[in-house]
Amino acid sequence: MPRGGSVRELPNFHPEDDSEKLHKAMKGFGTDEQAIIDVLAKRSNSQRQKLLVQYKTCYGKSLIEDLKSELSGKFEEVVLDLLKKPDVYDAQELRGAIKGAGTDERCLIEILASRKNKNIQEVFRTYKTEYGRNLEDDVMSDTSGHFQRVLVSLITGLYEAGEKKLGTDETKFLTILCSRSVPHLQRVFPEYEKICNKDIEKSIKKEMSGRLEDSLLAVVRCVKNKPSFFAWALHRSMKQGMGTDDKTLVRIMVSRCEIDMLDIRHEYKEAHGESLYAAIKGDTSGDYRKILLELCGGDD
């Protein structure tokens with residue numbers, strides 16, 4: 001049974017009171033970071049949007065600009081990300097993954113493989129509005145080959161099989177995974193295993209490599225069990241032996257806290273034998289740690 005998000009609508013929400021708390025936390029000498037966490041990490045995104053408007057009404061200033069002037073580092077990043085609407089946040093992350101030197105392929109795969117079609121279409125429109133660019137065109141200019149075709153098919157919801165003469169395993173997998181509905185794929189995977197005597201993930205690992213393997217595995221894992229996919233991605237972000245992948249850690253904690261964070265916590269504990277809370281606590285520090293732990297919603 002789905003457990004849901006760790007952050008929920010606050011009953012008896014009063015944006016005027018919250019605006020006053022935030023203003024008080026930032027005025028005078030020093031900043032009360034805990035007060036900021038207590039407000040922003042314990043309100044839903046829709047409530048935060050109302051708070052942005054109310055703060056401007058009360059004080060004639062932008063809450064975002066005030067926070068920028070008071071905060072810094074990774075803590076500031078999380079706070080500001082919480083104040084973005086989900087489609088704006090996803091569009092921002094995708095744009096950041098594409099522009100500049102190198103491509104953040106993990107970000108592209110994570111967002112495009114895990115969001116519902118209707119959410120992808122919202123992000124597509126927001127990307128155009130925010131940046132004056134076409135998301136599909138930007139992805140195509142930044143990627144190539146079968147990997148490109150997977151990402152484009154996830155954006156458009158369609159997969160063009162291309163030249164039939166190819167007949168490659170890549171084309172076969174892409175056609176199945178990127179042009180079918182989730183309920184259909186949930187029925188296909190057990191049948192695939194019966195026929196082939198092999199789990200589809202094992203087949204992908206055997207037949208594919210690199211970015212294409214990563215993208216198709218993400219699609220399969222999101223179809224099978226989305227919280228399990230995010231638990232795996234979070235574990236990878238903190239346990240690489242190369243320092244923390246903070247961008248992935250923040251993105252998942254911010255984007256999933258209202259959707260399925262409690263389910264992700266359950267899957268994390270099942271798969272890795274320690275709680276997500278303990279993993280974050282051991283991998284982060286300061287106010288950055290405090291706000292992430294608040295979004296996590298407790299220890300299992």
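Begin by selecting Arg 221 and Trp 232: Arg 221 lies over the face of Trp 232, 4.5 Å from the ring centre. The model on display is a predicted one, and each stop of this tour should be read with that in mind.

How many aromatic pairs does the structure hold? There are four. A pair of aromatic rings is described by the distance of the centres and the angle of the planes.

Are they buried or exposed? Phe 229 has a relative accessibility of 3% and therefore counts as buried. Phe 230, with a relative accessible area of 0%, is buried as well.

**A pair of helices**

Move on to helix H17, residues 276-283, and helix H18, residues 286-296. Their axes come within 10 Å and cross at roughly 170°. Because angles over 145 degrees count as roughly antiparallel, H17 and H18 are described in that way.

To view the contact, select Leu 276, Tyr 277, Ile 280 and Lys 281 on H17. On the side of H18, select Arg 289, Leu 292, Leu 293 and Cys 296. Colouring this selection by residue class shows six nonpolar residues, two charged residues and no polar residue.

The last stops concern the backbone. Most residues other than glycine have a negative phi. Select Asn 12, in the segment before helix H1 (15-26). Phi of Asn 12 is near 55°, a positive value in a residue other than glycine. Is Asn 12 buried or exposed? Its relative accessibility is 68%, so Asn 12 counts as exposed.

Then select Asn 197, which is found in the loop between helix H12 (182-196) and helix H13 (200-207). What is the phi of Asn 197? The value is near 55°, again positive in a residue that is not glycine. With a relative accessible area of 74%, over the limit of 50%, Asn 197 is therefore exposed.

Methods: Residues numbered from 1 in each chain as written. Predicted model: local features only at pLDDT ≥ 70, side-chain atom pairs only at ≥ 80, totals over all residues. Heavy atoms only, no water. Axes fitted to C-alpha atoms, helices over the stretch in contact; angles between N-to-C directions. Helix = DSSP H or I, 4+ residues; strand = E, 2+ residues; numbered from the N terminus. Parallel < 35°, antiparallel > 145°, perpendicular 65-115°, else oblique. Contact = heavy atoms within 4.5 Å. Nonpolar A, V, L, I, M, F, W, Y, C, P; charged D, E, K, R; others polar. Phe/Tyr/Trp six-rings, centres within 6.5 Å; stacked < 30°, edge-to-face > 60°. Buried < 20%, exposed > 50% of the residue type's maximum accessible area, 1.4 Å probe, protein only. Lys NZ or Arg CZ within 6 Å of the ring centre and 35° of its normal.
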